[in-house]
Amino acid sequence: MFKSYIEEWLSNPGKNLLAGIVVALVLIPEAIAFSIIAGVDPMVGLYAAFIIATTTSIVGGRPAMISGAAALIVTPLVREHGVDYLFAATILMGIIQLLLGILKIGRLMKFIPRSVMIGFVNALAIMIFMSQLEHIFGISISTYIYIAITLLIVYIVPKYFKAIPAPLIAIILLTTLYMVTGSNVRTVGDLGTITREFPDFLIPQVPFNLETLAIILPYSLSMAIVGLVESLLTAKIVDEATDSHSNKNKESRGQGIANIITGLFGGMGGCAMIGQSVINVKSGARSRLSTFTAGVFLIILILLLGDVVVQIPMPILAGIMVMVSISTFDWKSFKYVKQAPRTDAVVMILTVVIVLFTHNLAIGVIVGVIFSSLFFATKISNVHVHQTIENHFYKYAFTGQLFFVSIDSMMNQLDFSIENSQIELDFTHAHLWDDSAINAIDSMVKKFEDKNNTVFVKQLNTDSRKIISELSQLNESHLT
């Protein structure tokens, strides 16, 4: 156990340190942007990015995954009640996530089908790309030049030189070029003011009563669910990218602890960031050290190098994020739409559309899972009933899964006009799943017996016989 934890921290430290530095630089503009969206000072997002990254690196369940600040639907709360209510809501959000982690919410990940995962990834890639457009178009010719050079560096340099992550090379070279030439481009400083201060511990200045709880609980609950959905799905994506396994329940608890701490230090809530996680992994990161470095280097940049950070041209960071969006998008999904079952293709496209329309990844995933479940239930609800007749002996052989969705299909294939006969209901190739199926069996037996028929229920498998014995009104004389 201890050896494994050490490996999670110290495997290939050089690459992980450099990757963390790259991510720290990319976290800054996004943290500031989320602060602006939420209507709070940029430092609220930057403090959150620092605290959440460092905390999850220690207590989270997924090495090399990056978590940071996110707006997470809090703008109305800040506008109507003030920033202290945001801090209180963030703390409560963390408590909810911690409890969900203790309740092993991570096991619900197995209910998210591949079609929803593909839709989630593609929607996120499109959102990352679209969020960069304001930093690319309609600004200046120099902006286009910086974007082009950044993309050339991040795509060409790794083919010949991998000791230093290409995005870090692009940031250092082009920031130096900007500081020397003073090109006409926007910089990080244009997004907001960076104050050289370490976050202070604070207790939110809100009344500790039921009225406050009623105000913040809806926001906290929404943030907790949205944050966990995004974090656990991002963890699963990083699992696949690194061919490794992570503890989703531990990650849930880690996200909760991180949000409790950030709320107590004047930060906003946050969750896993797929864009930054992809940059981290593509830069060679595989350990917790990369995430820890990202958080620590971020606060170092704020405290010691604030004057340099504000001069980083936005086109460089936008170019890096464009690269991330291109590599994140599942380009095989076009082939998937043509070859996959039509219902899976519909679920994938629906997930993308919902996410892009609502700008809420959790809603898209939930809708995708619901429709996938409905399609699956419909698909397996087709029950075939084969009838054979010989001298007033009727045999119905059932094939399929019997549950609440398939009952009508089954009942419509039976002839309840039969009279004065012996009827055998053969369930050799069927399985009874719920009380609706049991009630249907009771109902069909009663209908047949009302016409003076003798009815036998045969060949139930062990599980079906067990549920029959617990819920059915049939007696032993019916069962053979």
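Let's start with a pair of helices. Helix H2, residues 13-38, packs against helix H8, residues 166-181, at an angle of about 55°, and their axes are 9 Å apart. This is a predicted model, by the way. Is that pair parallel, perpendicular or oblique? H2 and H8 are oblique to each other. Their crossing is left-handed.

Now the residues. On the H2 side we have Leu18, Ile21, Val22 and Leu25. They meet Pro167, Leu168 and Ile171 in H8. What classes are these residues? The contact of H2 with H8 has seven nonpolar residues, no polar ones and no charged ones.

Let me step back to the whole protein. It has 20 helices and six strands. The chain runs to 480 residues, and 53% of them count as buried. How does the radius of gyration look against a compact globule? A compact globule of 480 residues would be near 23 Å, but this protein has 29 Å. The C-alpha trace spans about 100 × 55 × 50 Å along its principal axes. Next, contacts along the sequence. Take those between residues at least 6 apart: 83% of them join residues at least 24 apart.

What is the hand of the crossing of H7 and H14? Right-handed.

The H7 side of this contact is Thr143, Tyr146, Ile147, Thr150, Leu151, Val154 and Tyr155. In H14 they meet Pro315, Ile316, Ala318, Gly319, Ile320, Val322, Met323 and Ile326. By class, that contact of H7 with H14 gives 12 nonpolar, three polar and no charged residues.

Which residues make the contact of H11 and H14? From H11, they are Ile274, Gly275, Gln276, Val278, Ile279 and Lys282. From H14, they are Ile320, Met321, Met323, Val324, Ser327 and Thr328. By class, the contact of H11 with H14 has seven nonpolar, four polar and one charged.

One last point on H14. Ile320 and Met323 meet H7, and Ile320 and Met323 also take part in the contact with H11. Have a look at those two in the structure.

Notes:
Residues are numbered from 1 along each chain as its sequence is written. This is a predicted model: local features need pLDDT of at least 70, side-chain atom pairs count only at pLDDT 80 or more; totals for chains, interfaces and linings use all residues. Side-chain values use heavy atoms; hydrogens and water are left out. A crossing is left-handed if the near helix is turned anticlockwise from the far one by less than a right angle, and right-handed if clockwise. Helices (H or I, at least four residues) and strands (E, at least two) are DSSP runs, numbered from the N terminus. Contact means heavy atoms within 4.5 Å. Ala, Val, Leu, Ile, Met, Phe, Trp, Tyr, Cys and Pro count as nonpolar, Asp, Glu, Lys and Arg as charged, and the others, Gly among them, as polar. The radius of gyration is taken over C-alpha atoms; the globule rule is 2.2 Å times the number of residues to the power 0.38. Buried means under 20% relative accessible area, exposed over 50%, partly exposed in between (1.4 Å probe, protein chains only). Axes are lines fitted to C-alpha atoms, for helices over the stretch in contact, and angles run from 0 to 180 degrees between N-to-C directions. Angles under 35 degrees count as roughly parallel, over 145 as roughly antiparallel, 65 to 115 as roughly perpendicular and the rest as oblique.
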